[in-house]
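I opened my notebook to look up how the parts of this structure pack together. Here is what I wrote down.

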Amino acid sequence: MYFNSKGKEEVTYDAIVIGSGISGGWAAKELAEKGLSVLILERGGPVKHGDYPTAALDTWDVPNRGRLTEEEWKDYPKQRRTGYTVSQFTKHFWVKDTEHPYHETKPFDWIRGYHVGGRSLLWGRQSYRHSDIDFSANAREGVAVDWPIRYADVAPWYDYVEEYIGVSGENVGHPQTPDGKFMPKMPLNCVEDHMATQIGKKFNDRLMMPGRVAHITTPGGHNGRGTCQYRNRCIRGCPFGAYFSSNSSTIPAAEATGNLTIRTHSIAHSILYNDKTQKATGVQVIDTETKESHEFFSKIVFVNASALPTASILLNSKSERFPNGLGNDSGELGHNVMDHHFHIGARGQIDGFEDKYFKGRRPNGIFIPRFRNISKGSKMKDFQRGYGYQGGASRTSWYRPAEAKIGKALKEELIQPGAWGMGLTGFGECLPYHDNKMVLRYDKLDKWGLPTIDLDVEWKENEMNMRKDMKSSAAEMLEAAGFKNINEYEDRSNPGNGIHEMGTARMGKDSKTSVLNKWNQVHTVKNVYVTDGACMTSAANQNPSLTYMALTARAANHAVSELKKLNL
Amino acid sequence: MKRREALKTSAFLAGCGLSAGTIAAIVSGCQSEPSLYPDAHLGEDHVRLLGEIVETIIPTTDTPGAKAAEVHLFIDQVSTQFTEDELVAFKAALDEIDKGNGKKFAKMSSEEREEYLLSIEAKGGDKNPYNMLRGLTCQGYFTSEIGATKALAYDPIPGEYKPCIELSEVGKAWAL
């Protein structure tokens, strides 16, 4: 079964990158630009930049005004759980749950897309650095294991990535959300500006700023990518290339070197390991179309399949040396699953801005960085870590309750914009817990004969206590800023719904308690690097993709330098 | 997630003063635009009546109304997503409206139609048929090409973001 019709040389590369999403694209670009021949293995099909069929369509151009029919929803019962991701405009980018099953010992929303670019096409684009408050948190509090790195190790790579991808934002000097290399910010609208001023006046521990978002806001540079057109249709793919994706940026850059090969429809089955050399030798692949197995060989392997599949591939890579999965001496592989908990906060309305409006649909909102547990004075009694707020102000539209009930008066009322409202949604850190885990079910194989993932993850006391504060502090700030009709809200927030799953192959100082070292190498198999969300030792409360990209660029640089020294 | 839960969390349908119960009763749907009423899911008579109802709710003014925007056909397509019970109740509500108050709905003047529909609304209730029809009409109208591009301010590619301008510069709500 395991054969390649080609000679071994033809299936041998310097590096194999598993996955083409936000971190895999970066790995491929960095390695290819440094002269390595690179093979990307992508389990889904191709998406060329610009191949975004719904980008210019309106509600009346698609069936059902954009919504799926009940018949269509039958393929997406789990992907549906976000309430916003799957529509007639986007359904081709999300997996059908019927084809890609997983199991839930406890409720877990695993939301994903299988295609070149992965979720880099679909991400929220919010981009924040992690600080030493985050990198030292586990050590300071005696939680899980210490990160083997600190901010100074990553800071130059944050600079490098931000400048390459283009991040618009504002430097504010906040200790837990470090400043960076930003393009001009997307400004606050009138009501947000009012709110920011009020927060600054009334809370000396808090500030509000425009979201830092991976969009180009001034022309020039960035390999010809265009500036944001304020359409806010990012999730369909941006024909202007204004937000960062693998498709618009890193993959074309890697291709331009002439060193990149992309093999689509290729699921990584396992990493091949040589007991004698104690190194990985390549990757065994299942072709999704033919169901045949193939082997590809390389000097180094970057695993960037996203946190859950990355752990799945490593767990399924069994050998005499590693009967429980490649590099899994610690038993931590597949454990410490984290995400961000949210769907909680407050909304309110405000008077006095009725004659104000805006032009353009800003694909971004506001950010209130963490203000709990970042200093002695902000220490909370009943929870560790903290949360930030995202949200924004806008005017309601035709879907609001109208005073007029019928006829011309109703029409004229709804043609006008409604009241100004502002919402704040907290995004909270989840601690790493060993018993929040995924396991492979070998009794439930998928259609390619691979074991399926079973998730056993829950929020615990620390998260639940934090949530109470996330709700009440949001209302408190809206009230202080003069909002009325303030509504605290809390909706179901299953783990996974933040689409920030991470932690399944954590970094650490010791192979007995962690999977990866400070360079993202598997401790015991040094030519295997894991630089997606799996590597995270703690979650922080910020959106994590920027950190994945920075760690990937750093690890790729390390890998090439080690290859040159003949250490790998 | 169950369908009703998804609807509750969706802002898309939560409009036009709909109660939670009404929202839960609505599911949208329209696979293709049937060109002839005889193909209508609700039947030709019901769709013809709906055309008059939606035009009463959102009439033609200086911009085209709900009938020109084919909101009655939109509602017919939505009805393909109803459960059997919802469909029976919806058709019964339409029959009731058709009957009118001694004078058939079709025979009423537009002022009489408004008054009559408001009398149904005044009866209240969580599944008030008028509130449901109004919600569907607003949704169908403002997501239609006519509603979005003629009644509202439509700007598919703004090209810039101006965070704080006078409302009078736009004059009405943005469609998108």
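**Helix packing, cores and domains**

I started with two helices of chain B. The axes of helix α6 (residues 110-121) and helix α7 (residues 129-142) of chain B come within 7 Å and cross at roughly 120°. Axes are lines fitted to C-alpha atoms, for helices over the stretch in contact, and angles run from 0 to 180 degrees between N-to-C directions. Helices are DSSP runs (H or I, at least four residues), numbered from the N terminus.

I looked up who touches whom. B:L117, B:I120 and B:E121 come from α6(B), and B:P129, B:Y130 and B:N131 from α7(B). Contact means C-beta atoms, placed from the backbone, within 7 Å.

I noted the ground rules. This is a predicted model: local features need pLDDT of at least 70, side-chain atom pairs count only at pLDDT 80 or more, and totals for chains, interfaces and linings use all residues. Residues are numbered from 1 along each chain as its sequence is written, while chains are lettered from A and ligands numbered from 1 in the order in which they are written.

Next, I checked the cores. The largest nonpolar core has 118 residues, and A:I271 is among those with the most contacts inside it. Such a core is a set of buried Ala, Val, Leu, Ile, Met, Phe, Trp, Tyr and Cys residues joined through C-beta atoms within 7 Å. Buried means 20 or more other C-beta atoms within 10 Å of the residue's own. Helix α11 (residues 545-564) of chain A gives the most to this core, ten residues. A second, separate core has 42 residues, including B:V47 and B:F142.

Last, I took the domains of chain A, with bounds from an automatic or database assignment. The centres of domain 1 and domain 2 of chain A, taken over C-alpha atoms, are 33 Å apart.

How values were computed:
Contact = placed C-beta atoms within 7 Å. Buried ≥ 20, exposed ≤ 12 C-beta atoms within 10 Å, placed from the backbone.
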